[in-house]
Amino acid sequence: MRDICLRYRALFGVAGTDTLDYDDSTTDTLGLRHISYVQQHAGVTVWGSRIVAHLRNEAGTMQLVRLHGHLFPLPMLTANSAQPSLSAEAARQQALAAARLRVPASSLSGRTPAIYYLPTDSELFLVYRVEVYGQSEDNGPTSVNLPGAKNMIGAFWQPRLVLADISTLRTLP
């Protein structure tokens, strides 16, 4: 399936130098196999990219049932930078410091950051994803607010549309 996407790059919006790297494979209770790939640009994973092939075994041959996902047309975006402005350790320390400001009475740790390309409407940013975890002494929330931006750490993609069926909501206890 990956080869199909790469053969028809223009159809899927994949740049000539981009690759699709294996991410995961599962088999469900119906016997369908699901294989997922993530888009790589210059050897760096593109945040939010994923394409999944759903396959069924028909008489010993794997048949494509469905192919879906989200790839980014990176040639249309302007790259903000080819090098991160911080080292991985500096990004981890900055994230921990921001979390400690929000929840001072807490025990926090941060995993080694992973670097991603973060596509926006018109630009491509090189960013670190830092997982900060821990426990607040008062078991309170451990989300982080930035100056002028509430709950922004970890919230890169905001919904463009939210639908709610009010009649269904009224039936809830």
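Strand 2 (residues 33-41) is mostly covered, with 8 of its 9 residues buried. Buried means under 20% relative accessible area, exposed means over 50%, and partly exposed lies in between (1.4 Å probe, protein chains only). Strands (E, at least two residues) and helices (H or I, at least four) are DSSP runs numbered from the N terminus. The model is predicted: local features need pLDDT of at least 70, side-chain atom pairs count only at pLDDT 80 or more, and totals for chains, interfaces and linings use all residues. Residues are numbered from 1 along each chain as its sequence is written, and side-chain values use heavy atoms, with hydrogens and water left out.

Strand 2 pairs with strand 1, strand 3 and strand 4. Two strands pair if DSSP finds at least two bridges between them. Tyrosine 22 has tyrosine 37 of strand 2 as its bridge partner. The two strands form a hairpin with 5 residues between them. In that turn, glycine 31 has a positive phi of about 90 degrees.

Strand 3 (residues 44-46) pairs with strand 2 over 2 bridges, in the antiparallel sense.

Strand 4 (residues 50-58) pairs with strand 2 in the antiparallel sense, over 5 bridges. Histidine 34 has histidine 54 of strand 4 as its bridge partner. Strand 4 also pairs with strand 5 (residues 61-70), again antiparallel, over 9 bridges. Glutamate 58 has threonine 61 of strand 5 as its bridge partner. Strands 4 and 5 form a hairpin with 2 residues between them, where alanine 59 takes a positive phi near 55 degrees.

The largest nonpolar core has 9 residues: Cys5, Leu6, Val14, Leu20, Ile35, Tyr37, Ile51, Leu55 and Leu71. Helix 1, strand 2 and strand 4 each give two or more residues to this core. A second, separate core has 8 residues, including Val44, Val46, Phe72 and Leu74. A nonpolar core is a set of buried Ala, Val, Leu, Ile, Met, Phe, Trp, Tyr and Cys residues joined through side-chain atoms within 4.5 Å. Valine 14 touches Leu6, Arg9, Gln39 and Leu71, not counting residues up to four places away in sequence. Contact means heavy atoms within 4.5 Å.

Met1, Ile4, Tyr8, Leu11 and Leu64 make a nonpolar surface patch of about 470 Å². Nonpolar side chains (Val, Leu, Ile, Met, Phe, Trp, Tyr) are joined within 5 Å, like charges within 9 Å. Isoleucine 4 lies in helix 1 (residues 2-7). Isoleucine 4 is partly exposed, with a relative accessible area of 32%.

The protein comes to 4 helices and 10 strands. Along the sequence, the pattern is α-α-β-β-β-β-β-β-α-β-β-β-β-α. Of the 173 residues, 28% are buried. Among contacts with a separation of 6 or more, 45% join residues 24 or more positions apart. The accessible surface is about 11,600 Å² (Shrake-Rupley method, 1.4 Å probe; for residues, only the protein chains shown count as cover). Carbon and sulfur atoms account for 54% of that surface.

Methods: Patch = residues over 30% accessible without salt bridge, like charges linked within 9 Å, V, L, I, M, F, W, Y side chains within 5 Å. Salt bridge = Lys/Arg side-chain N within 4 Å of Asp/Glu carboxyl O.
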